[in-house]
Amino acid sequence: MNSKENNDTQDSLYITENFKWNELIFSSTASRYGIKNIPNENQSANLRRLCIEILQPIRTKYGEPIRITSGFRCKALNSAVGGVSNSQHLNGEAADIVCGDNKRLWNLIVSMIKENQISVGQLINEKNLTWIHISLPDARHCNQIIN
């Protein structure tokens, strides 16, 4: 199998029932600027945890598609999109998500956190629910909800 076929196979792999590897690493900005946005082993492990522990439980309970608009960001990509220097996206620990009804999704995630169904680092209402930022818990953040 050549390198392109191997990348195509990896990109189409499902991490969980509803989330593919490519969704977590694709960036139109990276494509536009020729940035190779490829996570290392630790970042990849964090992306898997994010899907398994947070995103898939949310998707299962929500019952409708959720789209990842930004997942992993290498340093060059994070800089290109204006991300903060300590962004959890750099570690594969965060995703920005959208769906058909971001307000309904937001309310569902808040209730899942409050009912201890999931544990997050941060849940952030970005630009009046234009998108929702969600991350794995870390030493700085645990179940922090920023509306």
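This report describes the sheet, the nonpolar core, the salt bridges and the cysteines of a predicted model.

## The sheet

Five strands form an open sheet with mixed pairing, and their order across the sheet is β1-β2-β4-β3-β5. Strands β1 and β5 (144-146) stand at the edges; each has a single partner strand, so one side of each is left without a neighbour in the sheet. From one strand to the next, the twist averages 25°.

Within this sheet, strand β3 (residues 122-126) pairs with β4 in the antiparallel sense, over four bridges.

## The nonpolar core

In soluble globular proteins, nonpolar side chains tend to be buried together. The largest nonpolar core of this model contains 36 residues. The members that touch the most other members are L55, I58, I97, L105, I109, L123 and I134. Both helices and strands contribute: α2 (21-25), α4 (41-62), β2 (94-98), α6 (102-114) and β4 (131-135) each supply at least two residues of the core.

When residues up to four places away in sequence are not counted, L123 touches W106, I109, V110, I113, I132, H133, I134, Q144, I145 and I146. Two of the residues in that list, I109 and I134, are also named among the core members that touch the most others.

## Salt bridges

The model has four salt bridges, and three of them are described here. R49 forms a salt bridge with E53, and their closest N and O atoms are 3.2 Å apart. Both residues lie in helix α4, four residues apart, which is about one turn of the helix. R49 is partly exposed, with a relative accessible area of 34%, and E53 is also partly exposed, at 39% relative accessibility.

R104 forms a salt bridge with E64, with the closest N and O atoms 3.1 Å apart. This pair links distant parts of the chain, since R104 is in helix α6 and E64 is in the loop between α4 and β1 (67-70), 40 residues apart. R104 is partly exposed, with a relative accessible area of 37%, and E64 is likewise partly exposed, with a relative accessible area of 37%. A further salt bridge joins R73 and D96, whose closest N and O atoms are 3.4 Å apart. R73 lies in the loop between β1 and α5 (75-80) and D96 lies in strand β2, so the pair ties together parts that are 23 residues apart in sequence. Both R73 and D96 are buried.

## The cysteines

How many disulfides does a search of the whole structure find? The search finds zero disulfides. For C51, the closest cysteine sulfur is that of C99, and the distance of 16 Å between the two sulfur atoms is too far for a bond. A disulfide would require the sulfur atoms to lie within 2.5 Å.

C142 is in no disulfide either; the nearest cysteine sulfur, that of C51, is 19 Å away.

Technical notes:
Residues are numbered from 1 along each chain as its sequence is written. This is a predicted model: local features need pLDDT of at least 70, side-chain atom pairs count only at pLDDT 80 or more; totals for chains, interfaces and linings use all residues. Side-chain values use heavy atoms; hydrogens and water are left out. A nonpolar core is a set of buried Ala, Val, Leu, Ile, Met, Phe, Trp, Tyr and Cys residues joined through side-chain atoms within 4.5 Å. Buried means under 20% relative accessible area, exposed over 50%, partly exposed in between (1.4 Å probe, protein chains only). Contact means heavy atoms within 4.5 Å. A salt bridge is a side-chain nitrogen of Lys or Arg within 4 Å of a carboxyl oxygen of Asp or Glu. Two strands pair if DSSP finds at least two bridges between them. Axes are lines fitted to C-alpha atoms, for helices over the stretch in contact, and angles run from 0 to 180 degrees between N-to-C directions.
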